[in-house]
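Here's a quick briefing to read with the model open beside you. Have a look at the fold first, then work through the points below.

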Amino acid sequence: MAHDRLLFIGHPDAGEVAQWSALRDLAPQRGLVPTRKFEPGEVVWAVAPGGVLDSTTSGMPSRMVDALRAAHIPCTNALDAIRHVY
């Protein structure tokens with residue numbers, strides 16, 4: 001059975017920890033399964049730290065964000081994802 005998954009990429013900075021935690025708690029209430037593993041065809045939204053989204057960091061998280069955006073999967077910070085979920 002497929003689930004709509006909310007992918008968490010990388011690690012939040014100190015100012016984002018509370019938002020990530022809140023989103024992880026809220027997501028199941030809206031039918032989203034929080035995950036750290038990319039599942040093709042199941043991830044419907046992704047959350048990444050601001051530095052990754054702003055391309056101020058490099059590495060695997062940044063490449064993952066680029067790939068998700070190319071696949072037209074929304075990838076935002078946790079606060080924007082919370083706004084979307086509610």
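Start at His72, which comes after helix H3 and has a positive phi, near 65 degrees. His72 isn't a glycine, yet it has that positive phi. You'll find His72 in the loop between H3 and E4. Keep in mind that this is a predicted model, where local features need pLDDT of at least 70, side-chain atom pairs count only at pLDDT 80 or more, and totals for chains, interfaces and linings use all residues. Residues are numbered from 1 along each chain as its sequence is written, and side-chain values use heavy atoms, with hydrogens and water left out.

**The loop residue**

- Is His72 buried or exposed? His72 is exposed, with a relative accessible area of 72%.
- For the cut-offs, buried means under 20% relative accessible area, exposed means over 50%, and partly exposed is in between (1.4 Å probe, protein chains only).

**Helix H3**

- H3 covers residues 60-70, and Ser62, Val65 and Leu68 are buried in it. Looking down the axis of H3, those buried residues fall within an arc of 125 degrees, so they line one face of the helix. (The arc is that of the directions from the helix axis to the C-beta atoms.)
- Turned away from that buried side is the face with the exposed residues Met60, Arg63 and Ala70.
- The buried residues of H3 pack against E1, strand E3 (43-47), helix H2 (50-53) and strand E4 (75-76).
- Helices (H or I, at least four residues) and strands (E, at least two) are DSSP runs, numbered from the N terminus.

**Leu68 up close**

- Leu68 sits in helix H3 and is buried, with a relative accessible area of 2%.
- Which residues does Leu68 touch, leaving aside its neighbours within four places in sequence? They are Leu7, Ile9, Phe38, Ala46, Ile73 and Cys75, where contact means heavy atoms within 4.5 Å.
- Leu68 and Ala46 are 22 residues apart along the chain, and their C-alpha atoms are separated by 7.9 Å.

**The sheet**

- Four strands make an open sheet in the order E2-E1-E3-E4, with parallel pairing. The edge strands are E2 and E4, each of which pairs on one side only.
- Two strands count as paired if DSSP finds at least two bridges between them.
- Strand E1 (residues 4-8) is joined to strand E2 (residues 32-35) by four bridges, and the two run parallel. Arg5 has Val33 as its bridge partner in E2.
- E3 and E4 also pair in the parallel sense, over two bridges. Ala46 stands opposite Cys75 in E4.
- E1, helix H1 (residues 17-26) and E2 form a right-handed β-α-β unit. Right-handed here means that, with the strands pointing away from the viewer, the path from the first strand over the helix to the second runs clockwise.

**The whole protein**

- There are four helices and four strands, and from the N terminus on they run β-α-β-β-α-α-β-α.
- The protein has a radius of gyration of 12 Å, which agrees with the value near 12 Å for a compact globule of 86 residues. The radius is taken over C-alpha atoms, and the globule rule is 2.2 Å times the number of residues to the power 0.38.
- The C-alpha trace spans about 35 × 25 × 20 Å along its principal axes.
- Buried residues make up 37% of the 86 residues.
- Of the contacts with a separation of 6 or more, 77% come from residues 24 or more positions apart.
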